[in-house]
There are 2 protein chains.
Amino acid sequence: MMQNLVLKNITKHISLDENETAYFLSILKEKKYPKRSIILKEGEICKTINFVQSGTLRAFYRDPTGKESTIMFAISDWWITDMACFVNQQPAMLNIEAIEDSLILHLQKEDLDDLYLKIPKFERFFRIIMQNAYIREQLRIIQNLSLTAEQRYYIFLEKYPQIAKQIKQKQIASYLGITPEFLSMIRAQKNK
Amino acid sequence: MMQNLVLKNITKHISLDENETAYFLSILKEKKYPKRSIILKEGEICKTINFVQSGTLRAFYRDPTGKESTIMFAISDWWITDMACFVNQQPAMLNIEAIEDSLILHLQKEDLDDLYLKIPKFERFFRIIMQNAYIREQLRIIQNLSLTAEQRYYIFLEKYPQIAKQIKQKQIASYLGITPEFLSMIRAQKNK
DNA sequence: GCGTTTTCTTAAACTACATTATTTTTTTAC
DNA sequence: GTAAAAAAATAATGTAGTTTAAGAAAACGC
């Protein structure tokens, strides 16, 4: 079960033989996180990139006044980390929390660096993962610059119906960059 | 000269032998773009990823009302394309224009796909390029969500002083997601 | 070098969204 | 199941940034 999902994720982009599969699985560390627990806390060094086997995670930035901005959600079959912190092994800007009970596979920085050398196909795999992440973030920037909050809300609902079902409205609001009160107003409009 | 800059850019992350270098250079196509000329037009298929050897490019989205949002600038030593369009060979969302006379090296999609197979080290190279792009875009999202326009303006000036010197204020405004009039107000404040 | 076009500035009126406060609804903890 | 806590809704007031318009400054084309 554990193997299946992450291997299926990998083999969307590269194929692995038995040895490679065994080696890759051997460097993953599985860990359970109950709802509301913390996977990464700002200021800590982010040692792992994380695959969500089940559950839901949320990455958010907390500004000096305490205001939270949700940077991304990750559900089953997604990879998530504070990439800046992970790559450069610097203190994390982001917090990552479980918003449902979650089962996470951790891949350590050193193990990933080794993996790139031992099985260079993983360069390809993560090249594609990074490429997709870049494309996603750039599209989000375009939308944040050119659309109203209301338009962004309905696009979010369409694009991530699964996630929308699982999370609080205030978390959607903090992803859209608006207050929960204003999101409430947007939703009230709909029924006019 | 041409070789030097792009090779220097590549060898920051991977090393190439003579044959590899020659092959890589052979698939690049150099082209001059005078100021105000168009490298990519929305709706076209984006066939190349582009290295700026000299000059300055701007990628922007034009919404249905004609309002422009600048997505990125690229100066000497940067890679730029409409990545979503390039990767999936779909019609471009973005326009890319030269805002100075520019000398560009084009790398075609098919040639890059071949390159990944012939010299897999380039998977690593572009993995790192994509990773950095992702990190940059994510930081921009964090800043757009958590900072005021004024704060974003001064961060832009600090982070990209080179670019700031070369471009029009209205282009900075459209990168920050504000009107040129409001940027003028911000700048006027400073002198109080 | 000069007329034309584009960019920048200033200012008044406007709007999308924030803030604060109160009430209602939903979720959580035991 | 129930009390307490958190989330959502509603509404009044406030503000960061927009719009429109007009004049001044800078850049451009020939």
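Which helix gives the most to the surface near DNA strand D? In this predicted model, that element is α9(A), with six residues.

**Surface near DNA strand D**
- Around DNA strand D there are 16 residues, and those that come nearest are A:Gln169, A:Ser184, A:Ala188, B:Ile178 and B:Phe182.
- Both protein chains take part: α8 (169–176) and α9 (180–190) of chain A, along with α6 (149–159) and α9 (180–190) of chain B, each supply at least two residues of this surface.

**Overall form of chain A**
- Chain A contains nine helices and eight strands.
- Its radius of gyration is 18 Å, close to the 16 Å given by the globule rule for 192 residues, so chain A is as compact as a globular protein of that length.
- The C-alpha trace of chain A spans about 60 × 30 × 30 Å along its principal axes.
- Of the 192 residues in chain A, 35% are buried.
- Among contacts in chain A between residues at least 6 apart in sequence, those joining residues at least 24 apart account for 70%.

**A sheet in chain B**
- In chain B, four strands make up an open sheet with antiparallel pairing, in the order β1-β8-β3-β6.
- Its edge strands, β1 (28–33) and β6 (79–80) of chain B, each pair on one side only.
- Strands β3 (residues 48–54) and β8 (residues 102–108) of chain B are joined in the antiparallel sense by six bridges.
- B:Ser54 has B:Leu103 as its bridge partner in β8(B).

Conventions
Residues are numbered from 1 along each chain as its sequence is written. Chains are lettered from A and ligands numbered from 1 in the order in which they are written. This is a predicted model: local features need pLDDT of at least 70, side-chain atom pairs count only at pLDDT 80 or more; totals for chains, interfaces and linings use all residues. Two strands pair if DSSP finds at least two bridges between them. A residue is near a molecule or strand if its C-beta atom, placed from the backbone, lies within 6 Å of it. The radius of gyration is taken over C-alpha atoms; the globule rule is 2.2 Å times the number of residues to the power 0.38. A residue is buried if 20 or more other C-beta atoms lie within 10 Å of its own, exposed if 12 or fewer, and partly exposed in between; C-beta atoms are placed from the backbone. Two residues are in contact if their C-beta atoms, placed from the backbone, lie within 7 Å.
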